[in-house]
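Please open the structure in your viewer and keep the selection tool at hand. The tour below moves from stop to stop and says what to select at each one.

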Amino acid sequence: MCACRCGIRVHLVDGQVRYIDGNPNHPLNRGVICAKGSSGIMKQYSPARLTRPLLRKSGAERGAGEFEEISWERAFELLAERLARIRAADPKKFALFTGRDQMQALTGLFARQFGTPNYAAHGGFCSVNMAAGMIYTIGGSFWEFGGPDLDRAKLFVMIGTAEDHHSNPLKIAISKFKRRGGRFVSINPVRTGYSAVADEWVPIRPGTDGALLLAILHELVAAGLYDREFLVRYTNAGQLVNVDEASDGFGLLVSEPGKAEPVPEYPRNMLWWDRHSNGPVPTHQEGADPYLFGEFALGDGARVKPAFQLLEERLRQYTAEWAEGITGVPAATIRRLAHEMGITARDERIELPIPWTDCWGREHETVTGNPVAFHAMRGLAAHSNGFQTIRALAILMSLLGTIDRPGGFRHKAPFPRAIPPAAKTPRGPEGVRPDAPLAGLALGWPASPEDLFVDADGGPVRIDKAFSWEYPLAVHGLMHNVITNAWRGDPYRIDTLLVFMANMAWNSTMNTVEVRKMLNDRDEDGEYRIPFLVVCDAFHSEMSAFADLLLPDTTYLERHDVMSMLDRPISEFDGPVDAVRIPVVPPTGECKPFQDVLIELGSRLKLPAFTHPDGSRRYRDYPDFIVNFETEPGSGIGFLAGWRGKGGEKYMKGEPNPRQWEMYAQNDCVFHHRLPPSYQYMRNWNRGYMEWAQRVRIRRYSDPVLVQIYSDVLARFRRAATGRGGGRRPPAHLRDRVATYFDPLPFYYAPLEVQVTDTRNYPLAAITQRPMAMYHSWDSQNAWLRQIHAHNYLFVNPRTARLQGIEDGDWIWVESQWGRVRCMCRHSEAVEAGTVWTWNAIGKAAGAWALAPDANESRKGFLLNHLITEELPIASDGGRLSNSDPVTGQAGWYDVRVRIAKAAPGEPHETWPQFAPMRTFPGMATVRRLWQAYVAGGDAKGGP
Amino acid sequence: MTQLALVIDLNVCVGCQACVTSCKEWNTSGIAGYLSDDRPYDADPTGTFFNRVQTFEVGEYPNTQTVHFPKSCLHCEDPPCVPVCPTGASYKRVEDGIVLVDYDKCIGCKYCSWACPYGVREVDEHQKVMKKCTLCVDRIHDRSLPRAERRPACVMACPTNARLFGDVHDPDSEVSVAIRERGGYQLMPEWGTHPANHYLPRRRTQITIQPEELVRADNPLKVDGKLPKPALKEPALDDVTSW
Amino acid sequence: MHPAFSVIFLTTLIGAGQGLFLALYTVELYSLFDLLPEQESRTFYAPGAAIALGLLALGLLASFFHLGRPERGWRAAARWRTSWLSREVIVLPAFMAAVAAYWLVHWAGWREPRFAPAAGLEVTPSAAIGAAATVLAFALYLCTGMIYACIRFLQEWASPLTVINYLLLGGASGFTLATAFAGYSAPALVPFLGGWAAVLTGIALVTRAASLVRNARLRPKSTLQTAIGVKHPRIVQTAQGFMGGSFNTREFFHGRTRAFVRAIKWTFLVLVFPVPVALLGAGIAAGSAALLALAFAAQYVGLLAERWFFFAQANHPQNLYYQAIA
Ligand SMILES: Nc1nc2c(c(=O)[nH]1)N[C@H]1C(S)=C(S)[C@@H](COP(=O)(O)OP(=O)(O)OC[C@H]3O[C@@H](n4cnc5c(=O)[nH]c(N)nc54)[C@H](O)[C@@H]3O)O[C@H]1N2
Ligand SMILES: Nc1nc2c(c(=O)[nH]1)N[C@H]1C(S)=C(S)[C@@H](COP(=O)(O)OP(=O)(O)OC[C@H]3O[C@@H](n4cnc5c(=O)[nH]c(N)nc54)[C@H](O)[C@@H]3O)O[C@H]1N2
Ligand code: SF4
Ligand code: SF4
Ligand code: SF4
Ligand code: SF4
Ligand code: SF4
Ligand SMILES: [Mo]
């Protein structure tokens with residue numbers, strides 16, 4: 001259901017759900033289940049379910065929630081007709097943005113086939129910094145891509161994580177880890193949830209982790225507590241960087257002169273300065289050992305330094321005392337943490353008797369592990385300095401020698417990937433052509449400015465300006481700016497916006513009040529600025545009210561789903577895993593799986609991937625598509641990796657198997673391929689693994705993936721911004737920005753919003769956390785879960801609160817530069833004194849989610865997003881740029897600074913702002929107002 | 001004599017509430033009758049639950065501990081709620097020590113709830129009888145379930161395995177061992193109710209670093225000449241002392 | 001505790017009913033020994049007993065409002081061996097039956113002695129029935145009081161004073177009622193009954209005050225430390241696990257401000273003790289039955305407040321677990 005994707009078993013009585021429990025055979029959750037999963041019944045039978053396709057009544061205001069019921073046929077006609085028109089004229093006028101779904105492979109395919117570049121999922125407002133910062137450094141990341149090996153770790157440092165995607169597996173792991181006697185440190189401004197059970201809580205000021213990590217790095221380098229062997233062989237620490245400003249190659253890694261690169265996209269012929277011969281040698285030359293420190297001159301006179309020397313120089317300024325002033329963490333604690341990490345990594349080393357061969361042919365008798373594991377999530381990611389902070393973390397993990405090693409960080413298939421991964425967008429507007437698929441992917445991984453998706457003037461091609469000079473590595477797009485950009489017509493206006501599974505009128509939008517206005521704003525001639533809005537939702541969300549066409553989706557219990565290797569599979573450390581969902585109850589009302597909707601539309605629009613050359617439909621429905629689709633005809637690669645081949649005898653790659661669904665069903669809906677132990681570790685540099693991965697087409701090349709202590713990719717952008725290299729250059733007003741933030745070495749800067757905030761006036765950082773018992777905005781319709789979180793408070797350190805005369809339970813105003821909310825205060829000793837926080841998305845618009853207009857969610861609950869801006873006045877030309885990381889476009893949710901004040905005595909005890917109550921839509925079940933008692937099989941008893 | 005019980009490990013409970021809703025879910029259509037919810041979609045929703053997870057803050061910033069604290073009927077060995085019940089609806093089973101309410105006998109007088117110091121009994125406002133944790137009697141003795149699943153719903157659900165289930169009278173059971181070895185304790189021991197459920201306290205793991213561990217012969221800085229040996233010619237104490 | 005009106009009415013009504021019966025029977029005993037003038041069965045004892053019976057019936061009726069499943073109320077007699085509530089459920093009807101019988105013999109006028117247990121001591125049926133009823137009345141006070149006093153977690157209640165107060169306050173209100181009743185039906189008895197009413201009220205004041213003093217000095221045996229088993233001087237709850245309330249927040253909290261509770265305390269201290277005594281005095285002095293009736297009314301209202309306060313003051317240890325929502 002949610003992004004964790006646990007295996008569940010649904011028990012029915014007379015066709016109704018009696019009980020949902022965890023599937024004990026599922027590799028992810030091994031039988032356990034969370035609060036939301038156990039409350040699935042109340043989602044399935046929620047009165048907030050949408051059950052009919054709805055069209056905004058002609059003449060009704062958008063957003064007023066006045067709909068007429070229409071048939072699916074009518075909906076398809078309407079959509080197909082409109083979309084065909086757009087596709088023939090200018091496909092980019094259709095934008096498809098999707099939220100927390102698990103079918104980006106399909107939605108992405110649809111967008112690409114349609115020909116629009118305007119496609120992205122939630123990643124940009126979620127955690128793209130985590131993905132990009134890590135993948136551009138170590139070729140993998142946390143999140144679904146990899147994680148801490150807590151089975152073997154001795155020290156576990158968790159940074160900025162409240163609940164996370166991998167929530168049940170992480171909980172299982174943390175508990176085992178603690179019981180084994182592991183030491184668990186949590187770095188977080190707030191102590192709840194996981195942090196509560198940490199052995200040490202390190203409260204930190206939000207947005208300052210970069211400083212902490214750099215200071216830890218400083219200590220490690222100064223004390224020599226780094227794994228030199230690891231750095232030398234598996235990272236580019238020993239590679240020489242051109243530091244000669246006069247030289248052409250200034251800022252780049254130096255490559256072996258005159259040697260052809262086998263794969264030009266991934267140059268690998270770099271140089272070391274050998275300690276023995278005291279001269280430059282190709283990296284990994286047998287017998288050679290590079291200097292990590294020093295400065296040398298090459299034959300042509302160019303001055304070079306090992307990357308590690310540059311890192312050391314960078315780190316000199318970042319002392320523990322310096323970091324104390326920024327982070328609020330005492331210098332002694334910083335030093336102690338560094339020592340704990342370094343000494344545990346060095347002295348608690350694990351040697352597993354697993355022989356393996358590295359990519360350079362050296363045989364290793366054992367797999368070594370330095371048992372210090374990290375995990376980090378949006379506490380690092382959701383800041384506009386997150387990319388560099390996360391680079392610092394990845395480098396810290398590398399210095400400790402913990403990458404894809406036992407007890408450290410472990411990859412999950414299909415990771416590690418090349419740095420950067422091969423997928424690319426088109427490079428310019430010519431990639432978007434009428435009636436043709438997009439000439440590339442809508443989302444890709446730029447390796448250099450040449451890979452940007454910009455026009456001749458360096459202007460953006462995408463509506464969200466991803467892959468432009470504003471956010472060059474916006475690998476997940478910037479969904480949080482779509483509505484504002486489309487409304488303003490900057491870079492252009494669009495015609496139809498299709499939003500799937502995202503509540504863009506509420507919690508996945510910043511500046512919510514204004515964005516809601518934009519959604520139904522009209523231009524001078526009375527036309528809506530965003531002319532047609534299609535929403536596919538399963539529930540009565542705030543967003544659904546703004547739909548012109550509302551498509552009722554099925555729930556996860558009613559449809560087929562795949563957790564695909566092409567998307568975000570559920571792989572384990574020991575090998576690739578993918579999984580499926582199989583419907584257990586029939587669709588409610590006329591709900592239709594969105595996958596089927598896309599396949600229907602693709603067929604009607606005659607998109608090549610969905611039709612035969614003669615224009616006839618290729619796939620009956622989604623299950624049929626899953627079985628028979630291949631990425632290229634005959635490629636043998638499809639959405640599911642298990643039971644491929646005619647009779648299900650192959651895996652990863654093989655012909656379509658008509659009985660694939662059945663075989664998944666017989667195997668707990670999971671395909672799990674366990675790699676031999678010698679392929680399970682050191683995969684970035686493991687020849688056996690790489691060859692296997694190449695054979696099963698996880699990877700194109702079998703090159704080693706060297707950790708990028710010094711990022712050549714970033715250096716390329718910086719060179720472009722400083723006029724080197726002769727390629728594409730940023731427009732003048734963005735040059736400084738690119739030159740500053742594309743630093744090939746990690747550095748600390750205050751988040752962009754803080755840079756433009758008078759912090760004396762707005763002294764407090766305001767952040768949110770996910771409650772474990774709620775999924776974003778959509779669990780308030782759940783009669784059980786909403787009893788646990790009916791409304792929310794702002795948690796404030798009592799000392800901070802009392803400075804303003806605010807007592808526990810008082811009504812207060814919270815104000816940022818961008819907006820204000822009224823809410824209730826709860827004193828808490830478990831929050832850093834300069835931070836205030838609340839549970840995310842508990843507050844609701846009145847009447848939404850089939851709740852009564854006076855429900856706690858809207859009267860006492862509040863949404864922090866009203867205080868957060870989607871744009872900052874930071875562009876050097878006086879314009880506004882997204883409130884996002886300047887490298888990746890990651891939304892800077894946790895950068896806002898606020899002040900608090902007690903509400904006046906006469907003020908109503910009600911949150912502010914309030915919205916006109918949403919009405920219920922046709923087709924929704926009547927709400928049980930007085931009481932209900934659920935009994936499966938029997939009717940849910942209860943009063944009206 | 002068997003005394004089944006839960007042992008709750010506060011050292012790993014992260015307050016996720018899975019035990020709360022899995023309990024509700026299992027029990028609402030179970031043999032024990034529904035668990036109703038009032039105002040399910042209106043202001044101040046409220047309902048009957050057998051298990052609640054609470055949060056306490058211990059200490060003062062920055063030395064704060066946040067304690068997530070699950071609580072359901074503790075199946076006291078000497079349950080004060082039982083003798084006070086005028087109808088005999090509340091009873092303690094001899095065979096496994098579970099304290100139960102017979103919904104067919106209960107008159108909803110609430111007296112037993114007054115006699116429970118732990119606040120774990122709840123009247124169902126619509127069935128009008130007293131309810132509380134049954135220790136999932138309808139699961140744990142159900143022979144049609146695989147052995148591994150004859151455990152309470154909340155125990156099966158708990159992602160951190162913070163909820164152990166077993167016979168606290170059997171000294172070799174997992175729960176008895178945990179109580180013995182990890183400092184298991186009872187709530188409000190002052191009342192002599194002898195709760196069968198126990199709690200395991202927080203434990204703190206620390207790493208102690210000796211200063212000499214920071215200086216090591218194999219310091220990698222030496223390889224790069226960053227911790228150079230002093231030159232032989234540099235002044236030394238040897239040159240000046242004599243005795 | 002949350003004061004439930006059913007229980008407030010139950011205990012005050014039956015308390016007064018028991019007291020009224022005891023007053024009637026006292027008069028009968030006194031007159032048996034010629035210490036008081038003989039009273040008419042039909043105009044005094046029978047209507048008096050009927051009133052007592054009426055109060056008891058009303059109390060019983062009120063008690064049903066406390067039950068979720070009143071139709072199963074009969075089951076409550078099952079556990080008399082262990083449950084004071086069960087005992088009350090047995091004793092109350094038994095007492096009512098005895099009072100009914102008492103009413104019957106008086107109403108039927110069966111006054112001649114029917115047997116003589118000892119020479120020279122002839123016992124009338126009403127005396128015998130009255131004696132049995134008296135025993136039951138005391139038993140009932142004991143049961144009612146013990147229902148509360150036996151719950152050791154409720155430290156405010158767990159004291160013999162609880163039983164004594166039930167007895168004395170019930171007795172006082174019954175005698176006050178009897179005085180008022182006599183004011184209409186047997187004015188000659190007014191000074192006697194009024195005197196006893198005042199005496200009982202006075203003693204009740206002492207014992208009730210004693211329990212107030214005791215309760216004010218109580219140190220809760222349970223603390224957050226023992227409740228969750230964490231030894232630290234500063235523990236604060238931030239979330240009780242639900243936000244819209246539950247049985248545990250509705251049943252065990254009075255939900256009123258301290259000031260309100262204090263006001264109720266003073267209300268009952270005034271209405272239960274000085275006011276009725278003064279009114280009794282005034283009524284006797286002025287020979288006004290209406291003032292006597294007013295004395296009872298004031299005392300009864302005061303007792304409602306007293307009972308409310310009795311519940312509100314009891315601080316259940318479970319409340320430690322229900323302190324904050326978030
Ligand atoms: N139950 C539940 N699970 C979910 C979700 C849900 O809604 N509900 N959502 C899913 C989704 S979409 C996502 S993206 C993941 C996100 O999973 P998390 O990243 O765990 O989510 P957040 O709740 O944003 O947690 C951010 C944490 O970082 C801390 N923090 C904030 N700023 C800083 C900082 O500057 N430094 C440090 N060190 N810490 C900081 C906050 O206090 C908080 O604890 O969760 C997923 N899992
Ligand atoms: N202040 C603040 N804001 C945040 C965050 C934060 O930490 N703080 N976190 C951000 C992050 S990381 C994320 S990922 C976003 C999440 O933001 P959203 O993606 O908007 O998340 P949801 O609220 O889960 O909205 C999902 C929508 O999908 C609908 N839905 C649920 N199930 C189905 C289904 O089966 N089919 C269809 N079609 N629809 C369904 C729901 O009804 C809901 O309307 O929020 C972001 N916003
Ligand atoms: S974490 Fe997500 S997938 Fe797993 S049980 Fe909970 S809701 Fe379901
Ligand atoms: S916890 Fe309460 S309800 Fe459970 S057995 Fe003990 S006294 Fe009875
Ligand atoms: S509420 Fe039911 S179980 Fe409790 S004492 Fe009364 S009859 Fe017994
Ligand atoms: S044992 Fe069963 S009834 Fe008791 S709390 Fe756990 S799930 Fe609920
Ligand atoms: S399910 Fe386990 S971890 Fe979660 S609140 Fe309950 S006991 Fe704690
Ligand atoms: Mo997210």
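Predicted model: local features only at pLDDT ≥ 70, side-chain atom pairs only at ≥ 80, totals over all residues.

Residues are numbered from 1 along each chain as its sequence is written, chains are lettered from A and ligands numbered from 1 in the order in which they are written, and side-chain values use heavy atoms, with hydrogens and water left out.

**Ligand 7.** Select ligand 7, which 14 residues surround, the closest being B:C13, B:C16, B:C19, B:C158 and B:T160 (a residue is near if one of its heavy atoms lies within 4 Å). This shell is made up of 10 nonpolar residues, three polar and one charged, where Ala, Val, Leu, Ile, Met, Phe, Trp, Tyr, Cys and Pro count as nonpolar, Asp, Glu, Lys and Arg as charged, and the others, Gly among them, as polar.

**Salt bridges.** Over all chains the structure holds 89 salt bridges, each a side-chain nitrogen of Lys or Arg within 4 Å of a carboxyl oxygen of Asp or Glu.

Select A:R233 and A:D358 next, whose side chains meet in a salt bridge at 2.8 Å, N to O. A:R233 is buried at 8% relative accessible area, and A:D358 is buried at 0% (buried means under 20%, exposed over 50%, partly exposed in between, with a 1.4 Å probe and protein chains only).

In chain B, select B:K24 and B:D37, which form a salt bridge with the closest N and O atoms 2.7 Å apart.

Finally, select A:E73, A:E600, A:R604 and A:R617, which a network of salt bridges links.
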